[in-house]
Amino acid sequence: MSYLVNKHEKFPACIHGSFTLLLRTIFIATLAVTVWMPAKAGERPDQGVGKAKYEENSNNKKEEPLIALPRVIKKKDAKYPEQAFEAGLEAVVKLEILVGSNGKVEKAKVVQPAGHGFDEAAVQALLHYEFEPARTKNGPVPVTIMFDYHFTLKEKKTPAKGIKKVGGGVSGKSAGSAESHEKKAALLGRLEGKVLEAGARLPLAGVEVSIRGKNLDTITGASGSFSFDRVGAGSYMVSLRLQGFEAMDSKETVKAGKATQVLYYMRRAKGTRYETIVRAKRKRREVTIHEIDREEVEKSPGTFGDPVRVVQNFPGVARAPFGLGLIAVRGASPADTGIFVDGHEVPLLFHFLGGPSVLPFEIVDSVDFYPGGTGPAYGNKMAGIVNVRTRPGRRERYFGQADIDLIDAGAILEGPLGDKGSIIAGVRRSYIDALLPLLLPSDVADEVSVAPRYWDYQAKYDYRDKGSSLGVFVFGSDDLLTFLKKQKREGAAKRDDFYMRMMWHRLLVDWKDQLTDGLSIQVSPGFMYSYNRVNMNQNNFKLHVLNLDVRTELKWKLSDSLAFSAGLEGGIGKFFIDAALPINWQGLNFPRPSFTENEPTGISVEGSGFRVSPYLEVSYNPVEKLTLLPGIRFDGSHFHGTNLWALDPRLTILYKVTEDVMAKTGLGLFSQWPDIPYMVQNRHLSTQRAFQATLGTEVKLPLGLEMDFQVFGKYMFDLVVFDTSEALSGEMSALPFKNAGVGRAWGAELLLRKPLADGLFAWISYTIQRSERKGPDTDNRWIIWDLDQTNILTLVASWEFYKGWTFGARFRLVTGNPYTPVEGAVFDSDQNLYLPQFGGFNSKRLPLFHELDVRLDKRFTFDTWYLSLYLDVRNAYNRRNPEGFQYSFDYSERIDFPGLPIIPTLGIKGEF
């Protein structure tokens with residue numbers, strides 16, 4: 001395999017509707033996901049310190065991420081071309097060299113010649129260089145690097161008078177006697193030391209260390225160490241140079257007959273720790289995948305460094321109302337997109353009320369986003385897939401960090417554990433519940449008591465030995481929101497109380513082994529427990545879920561052009577529901593809970609289920625540039641008396657037109673089981689289906705730009721919808737939920753992106769789309785879907801413009817969401833209230849949404865630690881973006897309900 005890196009040798013609706021949609025989404029998605037938790041899908045080995053992408057090369061051999069770049073440990077000076085020397089010429093020869101896994105230079109090719117004999121001399125010199133080889137977690141690997149060889153004239157020295165060279169020594173009167181040599185030796189000393197990266201405290205290899213005026217120079221080895229023997233006593237200026245780091249000069253005193261030891265900390269030329277990103281192409285298995293590295297996650301403005309919110313910047317993703325963490329992809333519902341961590345689906349990835357992700361940035365390695373058209377390894381989702389990949393703990397030494405902002409505080413600790421293992425662990429807690437009572441005025445605090453709080457934790461152990469690896473990851477989240485308010489009722493002071501808690505814990509185990517050169521296996525079991533509870537006065541709802549799942553996958557390379565990937569996943573689950581709810585099942589309120597003063601009705605449901613899902617994918621290269629990926633997946637399950645099954649064939653075709661142009665297309669069937677609350681009420685429901693087709697191209701442009709353009713179409717059928725006519729009949733036995741809905745969505749997406757390099761990244765994301773639905777609930781007429789957004793434009797950029805200073809901005813311009821207008825009201829004397837009269841369903845739109853988010857970071861580098869300060873401002877110019885409307889009691893007047901106002905967040909983080 002071959003990686004390409006750069007190295008220089010030298011220099012170096014209404015508001016009620018929106019709120020109801022939110023509650024339904026949280027409840028349904030949580031219940032559905034927690035009971036039916038798909039197992040791990042798609043092998044994604046954990047990333048190391050390096051940032052090479054996971055890939056399979058043309059021979060279908062896995063390429064692991066680099067954890068170390070090649071460093072010079074031995075060099076040979078080039079012979080200075082005689083004519084160039086006499087003419088006083090200097091030059092820089094740019095070469096491309098292949099460094100083998102043994103550290104030897106196997107090939108050296110000039111890519112920018114200098115002439116005058118410099119090119120040939122540089123090639124001959126480089127072929128005698130030795131490097132500390134590049135490494136992955138499995139050991140040394142060959143890499144291709146760019147190398148600049150500098151030819152610099154030094155001061156010409158002439159022998160002293162009376163001395164002439166004889167072999168390796170000198171002769172003549174000035175040579176002196178043995179006694180004089182001993183006296184001179186007694187006046188010599190030794191200078192030795194070590195060079196570390198400032199802040200990170202990691203050894204730096206390849207640093208050029210020289211003593212001015214003595215014509216002495218050396219290069220640090222893998223441990224960062226260097227030494228000079230037989231240095232005369234005195235004071236000297238020591239110079240250190242390494243590409244990507246600030247040049248350093250230090251005055252040192254060498255004492256006769258003693259060894260002087262020094263320790264140097266070199267600072268990067270820019271504040272980021274990730275100056276060089278090594279990217280390797282991976283063998284494509286999907287039509288569309290967008291990948292973002294953790295460095296871009298941290299610097300993305302408007303996301304507060306949250307790894308999953310960055311996905312909302314990609315094309316095809318609708319803007320979520322109120323800044324919530326909902327991911328609605330290509331005209332589908334948020335419940336149709338799966339959220340995975342290391343290939344395992346999780347019940348909730350965001351804390352309450354649009355809070356941060358349950359996984360902090362520090363434990364995330366990268367985020368993969370598939371807007372559609374995934375291979376058969378993913379199932380039970382009709383739209384997109386988001387897979388957050390966590391990273392193993394670093395093994396160089398122990399690292400730690402702590403951060404605090406206006407909302408929460410957290411800490412991370414990582415390092416080696418045993419000879420071949422590593423661990424990373426973190427914890428975070430919010431403190432709004434402690435601060436809010438102190439900030440509210442006393443009279444308000446007496447009337448209203450709000451106690452929102454959340455906490456999460458993560459702990460991961462990784463063990464790697466040659467071709468096998470074992471990972472154990474345990475993580476969880478706990479959210480609590482309570483509300484108390486005094487009210488006057490019938491002359492007495494009473495209190496309305498509200499209590500909501502969502503808590504879950506997830507255990508993942510992942511074992512991989514390379515059985516033979518072309519055969520590998522992966523086994524990944526998982527366990528989850530979740531608890532959900534909602535109380536409102538005398539009403540309550542409790543849900544307990546236990547889930548055990550397992551997945552095994554076998555990859556077999558039969559030949560250079562043919563490979564198979566077969567898997568089998570399954571699981572069992574059990575849930576318990578205990579509730580006391582006064583639910584109004586009348587008319588259009590169904591199935592929305594309506595909490596009233598009526599006596600609650602007790603509900604107790606206990607259920608279980610199991611599922612099994614085999615799949616097969618073939619990778620076939622009939623010709624060099626063409627890749628065919630046919631696949632098929634079967635999903636079968638039994639849940640609470642309902643049997644469900646689906647057979648989904650899929651096909652991906654990739655054609656490499658040129659080295660810089662890739663054409664791609666994909667089509668297939670995708671299935672998804674109905675949400676559990678619907679199946680509890682109607683055991684005759686069947687699987688929902690969708691047919692997806694995508695056609696696009698990827699182009700590499702000059703200046704390191706990448707373009708991805710594609711058109712997509714989607715037809716959804718057998719959707720579960722509510723039959724209004726049967727619900728209004730009052731016959732609950734009619735079971736008004738039916739597989740009678742259809743939907744369609746189509747559009748085009750464009751992503752123009754400059755990946756992170758030299759402290760700068762940027763992208764332009766644009767989507768034009770249309771999404772519609774039809775069914776009994778719409779009188780069998782095509783209507784615009786609730787989150788249909790015709791135009792979605794996102795501009796993102798971040799730039800480290802000075803040492804440690806980074807500025808970023810995100811601008812979004814989005815078509816307003818559709819809503820159903822209220823055109824009047826009728827007074828109902830029986831209920832003593834006004835009932836709204838609605839116009840056409842989703843016939844109008846909210847005003848155009850636009851928003852600017854900015855982020856400013858400053859990173860201070862000290863010798864042994866880092867200090868970072870950041871200011872992240874959401875909605876910087878405080879645009880009032882309506883998210884719905886609030887009406888008067890008789891619906892004669894309305895006011896818009898604004899979205900989030902300007903939200904500044906100030907934080908501080910320390911790392912050691």
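In the predicted model examined here, Arg330 is buried, with a relative accessible area of 1%. Arg330 belongs to the loop that lies between α5 (294-299) and β22 (338-341), and its phi is near 50°, a positive value in a residue other than glycine. Most residues other than glycine have a negative phi. A second residue with a positive phi is Tyr891, for which the value is near 60°, again in a residue other than glycine. Tyr891 is found in the loop between β53 (882-887) and β54 (894-898), and with a relative accessible area of 26% this tyrosine is partly exposed. Arg330 therefore counts as buried, since its 1% falls under the 20% limit, whereas Tyr891, at 26%, lies between the limits of 20% and 50% and so counts as partly exposed.

Positive phi values also occur in the turns of two hairpins. In the hairpin formed by β40 and β41, 5 residues lie between the strands, and Leu703 in the turn has a positive phi of about 65°. In the hairpin of β45 and β46, 2 residues lie between the strands, and Gly804 takes a positive phi near 80°.

The strands around these hairpins pair as follows. Strands of a sheet pair through backbone hydrogen bonds, either parallel or antiparallel. Strand β39 (residues 661-672) pairs with strand β40 (residues 688-700) in the antiparallel sense, over 12 bridges, and within this pairing Lys664 stands opposite Gly696 in β40. Strand β40 is in turn joined by 12 bridges to strand β41 (residues 706-722), with the two running antiparallel, and here Leu695 stands opposite Val711 in β41.

Strand β43 (residues 760-774) and strand β45 (residues 791-802) pair in the antiparallel sense over 9 bridges, and the bridge partner of Thr767 in β45 is Ile792. On the way to the next strand, 10 bridges join β45 to strand β46 (residues 805-814), and these two run antiparallel, with Leu793 standing opposite Leu813 in β46.

An open sheet of 3 strands is found elsewhere in the chain, with the order β17-β14-β20 and with mixed pairing. The edge strands of this sheet are β17 (225-232) and β20 (259-266), each of which pairs on one side only, and the twist averages 20° from one strand to the next. Strand β14 (residues 188-197) is joined to β20 by 8 bridges, and the two strands run parallel; among the residues in this pairing, Val195 has Tyr264 in β20 as its bridge partner.

Aromatic contacts form a further set of features. A pair of aromatic rings is described by the distance of the centres and the angle of the planes. The count comes to 29 aromatic pairs. One of these is the stacked pair of Phe575 and Phe639, with 5.5 Å from centre to centre and 25° between the planes. This pair links distant parts of the chain, since Phe575 lies in strand β35 (residues 562-581) and Phe639 in strand β37 (residues 626-639), 64 residues apart. Phe575 has 0% relative accessibility and therefore counts as buried, and Phe639 is likewise buried, with a relative accessible area of 1%. Another stacked pair is formed by Tyr715 and Phe717, with 6.1 Å from centre to centre and 25° between the planes. Tyr715 is partly exposed, with a relative accessible area of 40%, and Phe717, at 25% relative accessibility, also counts as partly exposed.

Beyond these pairs, one aromatic cluster is formed by Tyr80, Phe118, Tyr129, Phe131, Phe147, Tyr149 and Phe151. Aromatic rings also take part in contacts with charged side chains. The charged end of Lys858 sits over the ring of Phe860, at 4.9 Å from its centre, and the charged end of Arg894 sits over the ring of Phe885, at 3.8 Å from the centre of that ring.

Key: Residues are numbered from 1 along each chain as its sequence is written. This is a predicted model: local features need pLDDT of at least 70, side-chain atom pairs count only at pLDDT 80 or more; totals for chains, interfaces and linings use all residues. Side-chain values use heavy atoms; hydrogens and water are left out. Two strands pair if DSSP finds at least two bridges between them. Helices (H or I, at least four residues) and strands (E, at least two) are DSSP runs, numbered from the N terminus. Axes are lines fitted to C-alpha atoms, for helices over the stretch in contact, and angles run from 0 to 180 degrees between N-to-C directions. Rings of Phe, Tyr and Trp (its six-membered ring) pair if their centres lie within 6.5 Å; planes under 30 degrees apart count as stacked, over 60 as edge-to-face and the rest as tilted. Buried means under 20% relative accessible area, exposed over 50%, partly exposed in between (1.4 Å probe, protein chains only). A charge sits over a ring if NZ of Lys or CZ of Arg is within 6 Å of the ring centre and within 35 degrees of the ring normal.
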